[in-house]
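Q: Could you walk me through this one slowly? I would like to start with a single residue and then move on to the bigger picture.
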Number of protein chains: 2
Amino acid sequence: MTSVRPRGFFSGRTVADLGRDMSAGVLSAADLVDHALDSIASLDRPLNAFVTVDAEGARLAARQADAERVAGVYRGPLHGIPVAVKDIIETAGMATQMGSAHFAGHIPDRDATCVRRLREAGAIIVGKTTTQEFAYGPTGDRSHNGPSRNPHDTARMTGGSSGGSAAAVAAGMVPLAVGTDTGGSVRIPAALCGVVGFKPAYGAVPLDGVFPLASSLDHVGVLAGTAEDCGVAYRVLAGLAPAPVAADASSLRVGWLVTDSPALTDPALTDPAVASLVKAAFPDSEEIALPGVAELYRVYSAIQGSEAYAVHADRVAQSPQLFDPVVLDRLHHAGEIPGWHYVRAVEARASFRRQAAALLDRYDVLALPAVAVLAPPVGDLDIDIDGSRVPVRDALLTLTSPWNLAGLPALSVPAGTIGGLPVGAQLVCAAGREEMLLAYADRLRAAMSG
Amino acid sequence: MTSVRPRGFFSGRTVADLGRDMSAGVLSAADLVDHALDSIASLDRPLNAFVTVDAEGARLAARQADAERVAGVYRGPLHGIPVAVKDIIETAGMATQMGSAHFAGHIPDRDATCVRRLREAGAIIVGKTTTQEFAYGPTGDRSHNGPSRNPHDTARMTGGSSGGSAAAVAAGMVPLAVGTDTGGSVRIPAALCGVVGFKPAYGAVPLDGVFPLASSLDHVGVLAGTAEDCGVAYRVLAGLAPAPVAADASSLRVGWLVTDSPALTDPALTDPAVASLVKAAFPDSEEIALPGVAELYRVYSAIQGSEAYAVHADRVAQSPQLFDPVVLDRLHHAGEIPGWHYVRAVEARASFRRQAAALLDRYDVLALPAVAVLAPPVGDLDIDIDGSRVPVRDALLTLTSPWNLAGLPALSVPAGTIGGLPVGAQLVCAAGREEMLLAYADRLRAAMSG
C-alpha cells in the first residue's frame, strides 16, 4: 500500500535531522522557513491546513535565529525549527480566529504561555492552522475558513479539531505543529492523517491563552512525524529540560484493551479491519477487557458539553447566527444537559481514574486503536461501520476521550494504512512515564515501517 | 428579656463542669444518662427533638464508661458525656432514618467515622435527633417524624436541618449534639434556638456514614451551650489532640460584613433589629462591604441543587410519594438546573474563595448575623421582612451559605434575644485558626451575658 499524499520539504525529515543540518551549516533557519513557505504555497490549496501564514514574521524570526547561532547562542533543539500553531492558541500580533466568525480578524496582544515557550526555545511560528470552530468537534470540517482536508484523500476529513496541524505535518509543510486535545483533538487527526500526535498529562502544559473548550478536559499537545520529535516539543511546552531522561522501552508489559462498545450503539463497532491492523502491532500484549466504553463516552459528553456551554452561553444568546450550524446544534444540546448529570459524570470520572490507575499498576502501556474507523468523507454526519449507522462524531471520539477523562499521557502512532488511509495505534501510560511512552512509540513505528 | 425555654438537667452545665463532677465522684456517667433520659422524657413531647432514644444502649455504655473510670481508663473530656446525633448520621444498630419515609426503620450495621470517634472518646450516644428530610432544607419542619419545635416558642421553627440537635441542647436534654451543615444547617438552628453551633472547615471531619446532601458543601458540625464545648467535640470529631492549642483572642481585627442583599429580592432585607443587635456585639469592628450576596446564594443553590438531585434522582423517579411534598417540589426544581449553570457556579465559588481569603488576610474574624430573621412560625413558606415577602428558605440561608461555598470555619454564638427569640452572631475565620475563633466566641458570649 503506497501513500498518495503530497510530500513537502519536511516529509521524512526529523527535527534532529534539521538541527544537524543547521549545526553543519548545510541549512539555515531562513532556508527552513523558505522551504515551509514554499511547501505551503504549493500544497495547501486543497488541504486548507493553514488559515494564516506569517511569511514576514517567520522570515524575521529566522534571520534572528540564524544571527544568534552565528553569535554562539543556541536555544536548544527547536532553534530555527518552523512550527505551526492551531488557531485556537493566542499568538501576539498574529490573527487568532478560533475557526469562528465570532473572532474573525481577532489579533491578540500576547502569546499563550505555550507559544512563548516555543519562541524562547528558538522555534519559528510560520502560521496558524485550521481548527474546528472553537475546537468543538472531532471532524475538522466545521470551520469558518472551511474544512481542512486529508492529505491522503482530499475528499476525506482530517479529523479534528486540530485538523490543520495534522494535515500540515502529514504533507511535510512543517516538521512540527501544536494542537489541543479535549477528547482526542490531537490524536484523532494524527491517526487519520498518518502522523504522531501526543497529548501529555492534564496540566503538563499551561492552558492560558488557549481558548477553552472544556476546562477540566483541555490539553495542549503536539503533532510530528516521529514520537521523538513530539518529545522534543513536549519538553519545551512543558518547561522541562531539553534532554530526555533515558527510558528503557525494551521489555514492557503491554495491555491490549478490548473495548466493548466504542460507538455507542453496538458492542463490536470498531471497524474490524482497523482493530486487527492495530492489534498486529502488539503481538506480545495481554488482552484486557475495558467494559463500559459507551458509558464513559456519555460521562465525557456530559462534562464536555456542560463546560463548553458555560463558555459559549452568552455568545449563543447574543449572536447565534455567527456559529456554524452543526456546532450551534451541538451547543444547544450541550446547554440542556442537567446539572445532576454533570455531577454524576464527575463522580464517574473519579471512578474511571482509579480503574485506569489500577491498570497502569499492572501494565506499562495500554494499547488500543486511536480511532475506530478510517477517515470519513468531508461533511458526513453518519458513518456505516460493520452494518450499523453511527454518528461520525461518536465513532471518532469513543476511543480517545476516555484518556481525557483520566488525564493520562496518550499518543497516536501510525500503524499502517487500509486502502491508502492511515490507521493509528493509541498508547496510554501513567503520568511521569512520558519518556518511556515516546521511546516505545518510536520503536513500534520503526518495527512497523521496517 | 428572659427566656421561657424549658431547662433540662444540662442547661447551664458545660462539658468541663460535668467532667469535673465525674472526676470528683459527685456524678457518674450512668447518672448523666439518667438525667438525659429524664429530661427527654419530660421535655421532648412538644419539642420533638428526638426521633430515637436508645435508653438501653446508653445505660450500658454509661456503665462501661464508669467501669473504665474506676479501672483508671480515662478517654478524655467526653468520657461519660451524653451526646445526641442527628438522624442523618449512621449509628450501628440504632435506627438512622434521615427524616424520611424512604428510610423508615433503617438500621445501619456500622457507625459513621464521626460516631466511632465519639464512642472511642468515651461519649455516650443517647439518641438520634430530628432532621429535616434528607437534611434538605433550613426550616426543620419537614421531617417524616414531624417538625422539631423551638424551645423558646413551640409555635416557631427550630431552623434546620439539624433542628433536633439544636432543640435538644437548647432545652438542656443533652450537653452536646452533632449536626451537619451544607448551607447553614448547624448554625441556623443554633442561632434560632440560642445555642452555639460550629461548622469546622470543609473536610475537617470525615463524611463517611453521613448521608450526603451536596457532597462539595457538606460539613459535620457540633452544637453546645458554649464554644469551648464545641471545641472539645470538634477536636474529637476531627481526630485532633484533646487539649486545645492556646489561642490569644484578646486583640483581634474584626471585620463587620455589610451584605447588600441577604434575601435575594431587596438590598436591605436583614431584619434591622437583628442586624443592629448583632452589630452591637462588635463595637470595635471595621465595616466591610460584601457585595453580591444574592449572587452568592444563586451560586450556592446551583451547586447544592445539582449535587442533591444527583443523590436523589433515582428515588424521585421510583418513589416520589415517599417524599415530603415541599422537599419533593424543591428536588424537582433542583433537577432542572442546567449543567452549565453548575459549571459557572463552581467557577464563581473559586472566585469567592479567593475573595474570602483576601478578607481573612486583613481580618482575624469576619462577623455578621447568622440568620437575617427571627425564628418563623412552623410551616410558613414565606416571611415578611421590613415590608417585603421573602421565601423563608432564602431568608434563613443567605448569610450562612457563603461560608459553605468558601469551606471556612464558621460559628453562630447567641447574641441576645428579641421578643424572647434568640439571635445569633456569626463568626468566620481562616482554616487553621479554629481555636482562636472558639476562644473569641466564648469571650463574646461572656461579654454579652455579663
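A: L27(A) is partly exposed because 19 other C-beta atoms lie within 10 Å, where 20 or more would count as buried, 12 or fewer as exposed and anything in between as partly exposed, with C-beta atoms placed from the backbone. Bear in mind that this is a predicted model, in which local features need pLDDT of at least 70, side-chain atom pairs count only at pLDDT 80 or more, and totals for chains, interfaces and linings use all residues. Residues are numbered from 1 along each chain as its sequence is written, while chains are lettered from A and ligands numbered from 1 in the order in which they are written.

Q: Okay, and where is L27(A) placed?
A: L27(A) is in the loop between helix 1 (15-23) and helix 2 (29-47) of chain A; helices (H or I, at least four residues) and strands (E, at least two) are DSSP runs, numbered from the N terminus.

Q: Which residues is L27(A) in contact with, leaving aside neighbours within four places in sequence?
A: Those are L18(A), D21(A), M22(A) and L32(A), where contact means that the C-beta atoms, placed from the backbone, lie within 7 Å.

Q: New topic: how is chain A divided into domains?
A: Chain A has domain 1 (15-237) and domain 2 (254-449), with bounds that come from an automatic or database domain assignment. The contact between them takes 51 residues from domain 1 of chain A and 49 residues from domain 2 of chain A.

Q: Which helix gives the most to the side of domain 1 of chain A that touches domain 2 of chain A?
A: That is helix 6 of chain A, with six residues.

Notes:
Contact = placed C-beta atoms within 7 Å.
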